[in-house]
Amino acid sequence: MSTGTDRTPTPEEVGERAARAVTEAARETEWTRPSFAKGLYLGHFDPDLIHPHPVPTPEERSAGDAFLARLEAYARTLDGRLIEREARIPDEYLQGLADLGTFGMKTPVEYGGLGLSLTYYGRALMLLSSVHPSLGAMFSAHQSVGVPEPVKVFGTEEQKREFLPRCAAGAVTAFLLTEPGVGSDPARLSSTAEPAEDGESYVLNGSKLWTTNGVVAELVVVMAKVPPHGDSPGGITAFVVESDSPGITVEHRNAFMGLHGLENGVTRFDHVRVPAANRLGREGQGLKIALTTLNTGRLAIPAICAGSGKWSLKIAREWSAARIQWGRPIGRHEAVGKKVAFIAATTFALEAVFELSAALAEAGLKDVRIEAALAKLWASEMGFKVADELVQIRGGRGFETADSLAARGERAVPAEQQLRDMRINRIFEGSTEIMHLLIAREAVDTHLAAAGDLASPDADLAAKARAAVGASGFYAGWLPKLFAGQGLNPRSYAEFGPLAGHLRFVERSSRKLARSTFAGMARWQAGLEHRQVFLGRIVDIGAELFAMAACCSRAELIRKQDPARGASARELADAFCRQSRERVRQLFDDLWHNTDAADQRLAGKVLDGDFTWLESGIIDASEGTGPWIAEPATGPSPYRNQRRSYR
């Protein structure tokens, strides 16, 4: 008898399953430490995991503050408009930053670095990005995902002593994973690393795209597939490669909508010999190394977004008070004042989310893989909205470049540049859509473990029936806990004063979120993984709840550390939570009242060409200029090497 699962899978389904299997194998599956954010998705709000807010030690604070003072003094001598105009960070700027130790901010002191905490590293990125975001992007790519981080975490002692001092002294590094046909699907990786006959090296071939820092890098981490050989199954593997090795060509320096100083390119490898001693970890461990590196590496983007928010708030405040329309400063008109309030409240939240996530990661006592991912996702989305609202507040001047404003005698405010520069953060290090899926996978991990074959698209009816029996035990104990909690007690969380009501909302919403997730599991079972918009809303609700909790914790920290600012911190936290609650309510409503199914049907018809008539009346100048995706390049490069070094 047919069970409905014995049909032959389509090639697309086989490819999808293979891709999922590669990523799943690289996931960190153990949860040995508590996770505040994971608890939110399971209906368990535990403020004790984030409050009292972790703080740097006196030693960390002393070292961090001293470095930031030196960095700020130097940063004030740099010209961000020059970087924007020339689309390049001057070599002397990079040398000056190297002399300050900026390339080794996170590197341990014993390996030549400054040994700063994640918190102070992020604050440094805020500062640098306010000069020009390309500076923040360069140092983030170098230290968050470039050679220093994976070598520090996965390298041997010999590798640490060989590479980390060089990186800290100013050797720019990059991380090379993406290829023309490979974005978020590493199963399609085409770059190869063949074991050489001498047994002491690998031969690397392939092409890498969007190699941030790759144009000026001295060292790069390269992900390539090692074929099965001997007793080794091979697999995606990480290598540290010298950028001046024979056979490496930087073929092109890419130009973008924003981040005009970004040294991002296309790099080809043609029979590049890499010593086996430069392999990081085991063969086949490369993707795990990449994902683990990103767990905390993603926190650079929330820091940069918080810095952008601070700058936007300053400009919005000053401009909205100076610009007079209809007899009043524009900020006193409700339409503009609401935007100013949004920028102020959201900036407080952006900083709170970064500071809390960084402090939790630095302490090492909590599992922060979901917190870091949520911070990146939420900050990149909200940071861009803040930048967009600033352009709207500035009006025509927001659309005008800083150089044009200066040329006609007005203050050179690069609001339009910030909007362009901030846009990439919704794509960098995992697009919003990919982050939704990644976080959703971690958030429902407990459900998948409990459901077993109920959540498997390949299981037959008998297997699903057995899984249902096993799952009933878990849900019988879990579900009843989702209908009552401290959020119903009007005296709970009293230590947070006037913010206690918001935490009660977070607690109630956490339980509602868990119930909603269970309802989705029950309704769609194995099909839930294809309900990507539903899962995205689930993730976004958790992100807002996390941001609210972070704001309340930070406000109380500020109140205790600096009572003079305590009242205003609480006011900002309260304003943010009120705004966030409205977004949460809308997201909950959209879970079950939406046009998702109709939109998906319409999208299918669009792709089938049913509405091509609607495209008439325009000219597409891109037609005939090249393929949508270039074929991976192989063999010797015909291009002049674009690689350069600043030192």
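Biologist: Where is the place of tyrosine 493?

Modeller: Keep in mind that this is a predicted model. Tyrosine 493 sits in the loop between helix 19 (461-478) and helix 20 (500-524).

Biologist: Is tyrosine 493 buried or exposed, and how do I tell?

Modeller: Look at relative accessible area: under 20% means buried. Tyrosine 493 has 10% relative accessibility, so it counts as buried.

Biologist: What about leucine 259: what is its phi?

Modeller: Leucine 259 has a positive phi of about 50°, and again the residue is not a glycine. You'll find leucine 259 in the loop between strand 6 (248-253) and strand 7 (264-275). Its relative accessible area is 7%, so leucine 259 is buried.

Biologist: Now peptide bonds. Which form does the one from histidine 51 to proline 52 take?

Modeller: Omega is the angle to read here. From histidine 51 to proline 52 omega is near 5°, and the bond is cis. Proline 52 belongs to the loop between helix 2 (36-41) and helix 3 (58-75).

Biologist: Last one, a charged residue. How far from lysine 366 is the nearest side chain of opposite charge?

Modeller: For a salt bridge, the nitrogen and the carboxyl oxygen must be within 4 Å. The nearest opposite charge to lysine 366 is aspartate 46, 8.6 Å away, and buried lysine 366 has no salt bridge. Lysine 366 lies in the loop between helix 12 (334-363) and helix 13 (369-394).

Biologist: So what does lysine 366 contact, leaving aside neighbours within four places in sequence?

Modeller: Beyond those neighbours, lysine 366 touches Arg33, Pro34, Leu49 and Leu360.

Note on methods:
Residues numbered from 1 in each chain as written. Predicted model: local features only at pLDDT ≥ 70, side-chain atom pairs only at ≥ 80, totals over all residues. Heavy atoms only, no water. Helix = DSSP H or I, 4+ residues; strand = E, 2+ residues; numbered from the N terminus. Buried < 20%, exposed > 50% of the residue type's maximum accessible area, 1.4 Å probe, protein only. Lys, Arg positive; Asp, Glu negative; His and termini not counted. Contact = heavy atoms within 4.5 Å.
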